[in-house]
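Let's take a walk through a protein model together. Keep the picture handy as you read, and look up each spot as we get to it.

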Amino acid sequence: ESLKEQSFAQQWRDYNRLLSRQNFALVGYDEWIERVEVPALEEQAQRSRLASTDVATNPASVNFAIWLWGQRNHEEQCQGSIDSVSNQIPGPFKILPPEQQLLSEDQHTWIVFLQAGDQLAPQALARCSAVIQAHPDAGALYADEDKISPLGRRHSPQFKPAWNPDLLYSDPHYSHCWLIRADLCIKACEAISTDGESPELYGIALEATSLCEGDQILHLPEVLYHRLDQPGEPRSSAQTAKSLQQFLARHGHYAQVSHHRTGGHLIHWPLPDPPPLV
């Protein structure tokens with residue numbers, strides 16, 4: 001029997017038998033949310049309520065500035081995104097007003113990228129604040145995400161790997177849940193503007209992460225971001241391929257990048273001159 005002919009349940013049983021010492025139950029995403037996420041969220045909300053009684057000894061040490069990007073002409077979708085920010089569980093952080101001036105040397109403010117129509121999980125900023133405070137040298141952070149239907153049903157989770165720059169080059173949908181330190185974000189936008197590009201999430205993520213060491217880019221393995229379901233949305237485009245090619249050129253890598261029709265990028269790296277012996 002070939003792998004394609006096996007049911008997913010059978011593949012999962014074989015996977016557990018080969019690679020694990022125990023069998024894990026195969027459950028749907030709705031049940032996973034109820035079993036894993038809801039209890040953790042209730043526990044965190046309780047801790048936040050207890051911590052909020054002593055605000056004087058637990059001052060905000062992380063500032064968040066929300067960058068609402070994308071198609072902002074759909075008022076209802078934008079309002080849903082804004083409401084998800086307003087409904088955050090309290091924690092040792094502060095959400096800056098939109099008119100707040102950001103400085104290029106500001107290392108205590110983090111830019112939260114939120115596409116119009118998408119939503120932050122209620123615990124997102126509290127969890128990110130805790131991780132940032134535990135890693136003061138961090139420069140960028142991303143978390144897991146899923147999709148949310150117009151009726152509010154969550155589905156299609158994307159559990160991401162640890163930091164992998166080559167995967168980011170190949171897949172512009174590596175993450176939509178990016179938090180980037182303000183000073184690095186400003187530098188990234190300045191670099192992009194030299195090529196006449198408009199700052200978009202993918203280009204900013206490429207530039208900002210290039211300014212960091214690998215251990216300064218953190219992956220938070222929790223579903224903290226809900227993407228508005230857009231059936232048929234491509235995973236890449238000619239524009240994302242162009243952004244990657246311009247980014248590589250700015251950093252001295254003259255590779256050819258093309259958009260693959262099934263999604264993602266094809267990168268044709270040039271051979272060194274002279275080429276190495278085999």
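Start with a pair of side chains: histidine 176 and arginine 227 are joined by a polar contact of 3.4 Å. A polar contact is a pair of N or O atoms within 3.5 Å; within protein, one must be able to donate a hydrogen and the other to accept it, and residues adjacent in sequence count only if both atoms are side-chain atoms. You'll find histidine 176 in the loop between helix 5 and strand 7. With a relative accessible area of 6%, histidine 176 is buried (buried means under 20% relative accessible area, exposed over 50%, partly exposed in between, using a 1.4 Å probe and protein chains only). Helices (H or I, at least four residues) and strands (E, at least two) are DSSP runs, numbered from the N terminus.

A quick word on ground rules. This is a predicted model, where local features need pLDDT of at least 70 and side-chain atom pairs count only at pLDDT 80 or more, while totals for chains, interfaces and linings use all residues. Residues are numbered from 1 along each chain as its sequence is written, and side-chain values use heavy atoms, with hydrogens and water left out.

Now for the rings. A pair of aromatic rings is described by the distance of the centres and the angle of the planes. Here, rings of Phe, Tyr and Trp (its six-membered ring) pair if their centres lie within 6.5 Å; planes under 30 degrees apart count as stacked, over 60 as edge-to-face and the rest as tilted. By this rule the count comes to eleven aromatic pairs. One of them is edge-to-face: tryptophan 163 and tryptophan 178, 6.4 Å centre to centre with 80 degrees between the planes. Tryptophan 163 sits in the loop between strand 6 (154-158) and helix 5 (165-170), and tryptophan 178 is in strand 7 (residues 178-181). Tryptophan 178 counts as buried, at 1% relative accessibility. Both tryptophans also belong to an aromatic cluster formed by Tyr142, Trp163, Tyr174 and Trp178.

Tyrosine 169 and phenylalanine 247 make a tilted pair, 6.1 Å centre to centre and 55 degrees between the planes. Tyrosine 169 lies in helix 5 and phenylalanine 247 in helix 8, so this pair ties together parts that are 78 residues apart in sequence. Phenylalanine 247 is buried at 4% relative accessibility, and tyrosine 169 is buried at 18%.

What about disulfides, meaning pairs of cysteine sulfur atoms within 2.5 Å? The structure holds zero of them. For cysteine 177, the nearest cysteine sulfur is that of cysteine 128, 5.8 Å away. Cysteine 177 is buried, at 3% relative accessibility.

On a 1 Å grid over the protein atoms alone, a pocket is an open set of points where a 1.4 Å probe fits, with protein on both sides within 12 Å along at least five of seven lines; lining residues have an atom within 4 Å of a point. The largest pocket holds about 510 Å³ of space. Of its 23 lining residues, the closest to the centre are Trp69, Glu200, Tyr202, Ser237 and Thr240. The second largest pocket has a volume of about 420 Å³, and strand 1 gives the largest share of its lining, four residues.

Notes: Grid points are joined across faces, edges and corners, and a volume is the space filled by probe spheres set on the points. A disulfide is a pair of cysteine sulfur atoms within 2.5 Å.
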